[in-house]
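Subject: Structure handover

Hi,

Here is the structure I promised you. Please open it first, then read my notes below.

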Amino acid sequence: PIIEAAAAYSLRNLSDSYTGSVVDVRRSSDGNTAPFTAAEVTDGTLVAWVGAGNNGTVSKWYDQSTTSGVPNANHAVQTDTASQPKIVSGGSLVSGGIDFDGVDDYLSSGAFPLTGTDDLSTFFVAAIDSSADLNPLISQSDGSGTGRTWLQSEAAGPVFESFIGGSSSQFGAIPVGAEFLASLIYNDSAGTLDVFRNGSQSGTQASSIAFEAANGGIN
């Protein structure tokens, strides 16, 4: 059987049935915020609304996932304007999606109904545009200081790294500017997290707390 996602974020519609907004955007000229559909992101409506020379930042990235047809509404949000990632820069749509600055930009999805007794997975597509120090790309926390990080900065540059409960495993360097697909598959019965990059397995980390009671974050 197909297991429904707990959360799903994209600037595209991820199903034929989804017709809602994909992002809320705040424009720099007057601080106004408005929602935009996937079509409005690509057809020029968003850029025209933000205006020439202005920036547009994301205050909400809509969760498109459902459970038995009911929206989960695990939206990723950011109310602090200084920490909102850009989608329009200087009046032009950002190439490649949503741009996080690697310093203090992040979106928080709130609490997911995840436990350490489930087989769970995380998938994301990203590109790293700087070799400078980076915050985690995808991270989770249960509120007690036990966290999970899927991309971590090192002195030599960004690496694909799983960081779980104080224990880390590295699975190779991430070339700057290269878009990649990350797939993280947690098998609870085996207590292992299998890590894949672009469909090829990079390694396995043993852990019994890979996704326990997590709050999600996108940085």
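A search of the whole structure finds 1 salt bridge. The term means a side-chain nitrogen of Lys or Arg within 4 Å of a carboxyl oxygen of Asp or Glu. Here the partners are R27 and D30, whose side chains meet at 3.0 Å, N to O. R27 is buried, at 16% relative accessible area. D30 is partly exposed, at 40%. Buried means under 20% relative accessible area, exposed means over 50%, and partly exposed lies in between (1.4 Å probe, protein chains only). In general, side chains of opposite charge can pair when their charged atoms come close.

Some ground rules. This is a predicted model, where local features need pLDDT of at least 70 and side-chain atom pairs count only at pLDDT 80 or more, while totals for chains, interfaces and linings use all residues. Residues are numbered from 1 along each chain as its sequence is written, and side-chain values use heavy atoms, with hydrogens and water left out.

**The whole protein**

The protein has 219 residues, and 42% of them count as buried. Its secondary structure comes to 2 helices and 18 strands. These are DSSP runs numbered from the N terminus (helices: H or I, at least four residues; strands: E, at least two). The accessible surface is about 10,700 Å², and carbon and sulfur atoms hold 50% of that. Such areas come from the Shrake-Rupley method with a 1.4 Å probe; for residues, only the protein chains shown count as cover. Now the contacts with a separation of 6 or more: residues 24 or more positions apart account for 58% of them. A contact means heavy atoms within 4.5 Å.

**The core**

The largest nonpolar core has 34 residues. Such a core is a set of buried Ala, Val, Leu, Ile, Met, Phe, Trp, Tyr and Cys residues joined through side-chain atoms within 4.5 Å. V23, L46, W61, I87 and F124 have the most contacts inside this core. Strand 15 (residues 180-187) gives the most to the core, with 4 residues.

**Before strand 1**

Look at S10, in the segment before strand 1 (21-27). S10 counts as buried because its relative accessibility is 13%. Leaving out residues up to four places away in sequence, S10 touches V22, W61 and Q64. Its side chain also reaches the backbone nitrogen of R12 at 3.0 Å. That is a polar contact: a pair of N or O atoms within 3.5 Å, where, within protein, one must be able to donate a hydrogen and the other to accept it, and residues adjacent in sequence count only if both atoms are side-chain atoms.

E4 is also in the segment before strand 1. E4 is partly exposed, at 41%. What does E4 touch, not counting residues up to four places away in sequence? The partners are T66, T67, S68 and G69. A polar atom of the E4 side chain lies 2.9 Å from the backbone nitrogen of S68. E4 and G69 are 65 residues apart along the chain, yet their C-alpha atoms are separated by 9.8 Å.

**Two positive phi values**

S68 sits in the loop between strand 4 (66-67) and strand 5 (70-71). Its phi is near 55 degrees, a positive value in a residue other than glycine. S68 counts as exposed, at 66%. A73 is in the loop between strand 5 and strand 6 (76-77). A73 is not a glycine either, and its phi is positive, about 60 degrees.

Best wishes
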